[in-house]
Amino acid sequence: MSRPIILGIVGDSAAGKTTLTKGIAQVLGPENVTVICTDDYHKYDRQQRAEIGITAVHPDCNHLDIMQQHLSLLRTGQPILKPIYNHKTGCFDPPEYIKPSKFVIIEGLLGYSTRAARDCYDVKVYLAPPESLRAQWKIKRDTQKRGYSPEEVLEQLRKREPDSEAYIRPQRQWSDIVISFYPPEEDPVRNNGQLNVRLVLRPTIPHPDFTEIIQSTNGTSMSSIRLGLDRDMSKPVDVLEVDRHANLEQVNKLEQIICSDMPNLKSVCDRESNPELGKIAGTTGETLQSYPLALTQLLITYHMLKATHSIGIPVSAV
Ligand SMILES: Nc1ncnc2c1ncn2[C@@H]1O[C@H](COP(=O)(O)OP(=O)(O)OP(=O)(O)O)[C@@H](O)[C@H]1O
Ligand SMILES: O=C(CO)[C@H](O)[C@H](O)COP(=O)(O)O
């Protein structure tokens, strides 16, 4: 029996996990993708957390043992009965029966916190926007969608900080790709959602060969797309940066590099035929298009499709 390919997307609250997931799921085809948010494994509802004085990002506030069991079942293609945490009510809904599709995306706060859980993923991504940007995103999202006031969100961020530092951020070390969207230096506030991206590429999975970028830009630091070597948590890594101003020609070049490895998958792995790639909801509800986000989603999709090869799923079945 073939098993699903499992992508992990871990990061703190409002780090951009759902936004990243949407474009990837659209490229792979919603019918081929099961998306699971690990907020559903919270142990306590909103009121209980307030009474106990525990934050949602603390491991003791989550059924990590059950999350891990479910991950192992999904990895072998088996169904689970998953709890549901409802962010509108702050309570739990009745559980749902989930049978994994060809691809499973697990997004949430503590997905890499145990060795057994980490072993279940084919591709592991960690989202690390600057904390000031994450705070902006969380205030906007929690006031618009979760019924909080800005003051309540700021207070939550303050209370959670020690747990974020102790339990969320260390998970960065386990990821294959660290993604940081960041505002341009010249206009850190009024960037209208248009951000640059810095991708830390660890040698834990084989990335497309981006060295062509160095040749085509002569390695200049002024180019809108840059590749370099660095260290992340003291380990050597490649770093690929894409500025929000990258033009279509440069973006197409990068897309070609990502897709050329798998010519028969070109139609799947293609930005133009996947309009959801790079879509972001702007501050007034308008839709913005971001090339840095689109290319990031494309690179992750590439890795998921590549993983199907390594477990021997025929290309035609994807
Ligand atoms: N790449 C991006 N560019 C611009 N804005 C973004 C980006 N990613 C996320 N955002 C903004 O941040 C908000 C929060 O993002 P999102 O809902 O994806 O976070 P999350 O990590 O899934 O949150 P949670 O785990 O708390 O549910 C979004 O509503 C969006 O406005
Ligand atoms: O960190 C979070 C991830 O989404 C949430 O704040 C956590 O899941 C609790 O949700 P809520 O604030 O809606 O009770």
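In which kind of crossing, left-handed or right-handed, does H1 pass H9? Keep that in mind while you load this predicted model, and let's walk through it.

**Stop 1: H1 and H9**

Select residues 17-28 for helix H1 and residues 291-310 for helix H9. Their axes lie 9 Å apart and the packing angle is about 55°, so H1 and H9 are oblique to each other. The opening question can now be settled: H1 passes H9 in a right-handed crossing.

Next, show the side chains where the two helices meet. On H1, pick Leu20, Gly23, Ile24, Val27 and Leu28. Their counterparts on H9 are Ala294, Thr296, Gln297, Ile300, Thr301 and Met304. Colour this contact by class and you will find 7 nonpolar and 4 polar residues, with no charged ones.

**Stop 2: the two domains**

Now colour by domain. The domain assignment gives domain 1 as 1-126 and domain 2 as 176-313. Where they touch, domain 1 puts in 19 residues and domain 2 puts in 24 residues.

Stay on the domain 1 side of that contact for a moment. Strand E1 (5-11), H1 and strand E6 (123-127) each provide at least two of its residues. H1 has the largest share, with 8 residues. By class, this side of domain 1 holds 10 nonpolar, 5 polar and 4 charged residues.

**Stop 3: ligand 1**

Centre the view on ligand 1 and bring up its surroundings, which number 18 residues. Which of them are the closest? They are Gly16, Lys17, Thr18, Thr19 and Trp137.

The shell splits into 8 nonpolar, 7 polar and 3 charged residues. With the domain colours still on, look at both sides of the ligand: domain 1 and domain 2 both give residues to the shell, so ligand 1 lies between them.

**Stop 4: ligand 2**

Move on to ligand 2 and select Ser13, Asp39, Arg46, Ala56, His87, Gly90, Leu109 and Arg146, which surround it. In this shell, 2 residues are nonpolar, 3 are polar and 3 are charged.

**Stop 5: H9 again, now with H8**

For the contact, show Val251, Leu254, Glu255 and Ile258 from H8 together with Tyr291, Leu295, Leu298, Leu299 and Tyr302 from H9. This contact of H8 with H9 has 8 nonpolar residues, no polar ones and 1 charged.

**Stop 6: H5 and H6**

H5 passes H6 in a right-handed crossing.

To see the contact itself, display Ala135, Lys138, Ile139, Asp142 and Thr143 of H5 against Pro150, Val153 and Leu157 of H6. By class, the contact of H5 with H6 comes to 5 nonpolar, 1 polar and 2 charged residues.

Definitions and conventions
Residues numbered from 1 in each chain as written. Chains lettered and ligands numbered in written order. Predicted model: local features only at pLDDT ≥ 70, side-chain atom pairs only at ≥ 80, totals over all residues. Axes fitted to C-alpha atoms, helices over the stretch in contact; angles between N-to-C directions. Helix = DSSP H or I, 4+ residues; strand = E, 2+ residues; numbered from the N terminus. Parallel < 35°, antiparallel > 145°, perpendicular 65-115°, else oblique. Left-handed = near helix turned anticlockwise from the far one by under 90°. Contact = placed C-beta atoms within 7 Å. Nonpolar A, V, L, I, M, F, W, Y, C, P; charged D, E, K, R; others polar. Domains from an automatic or database assignment. Near = placed C-beta within 6 Å.
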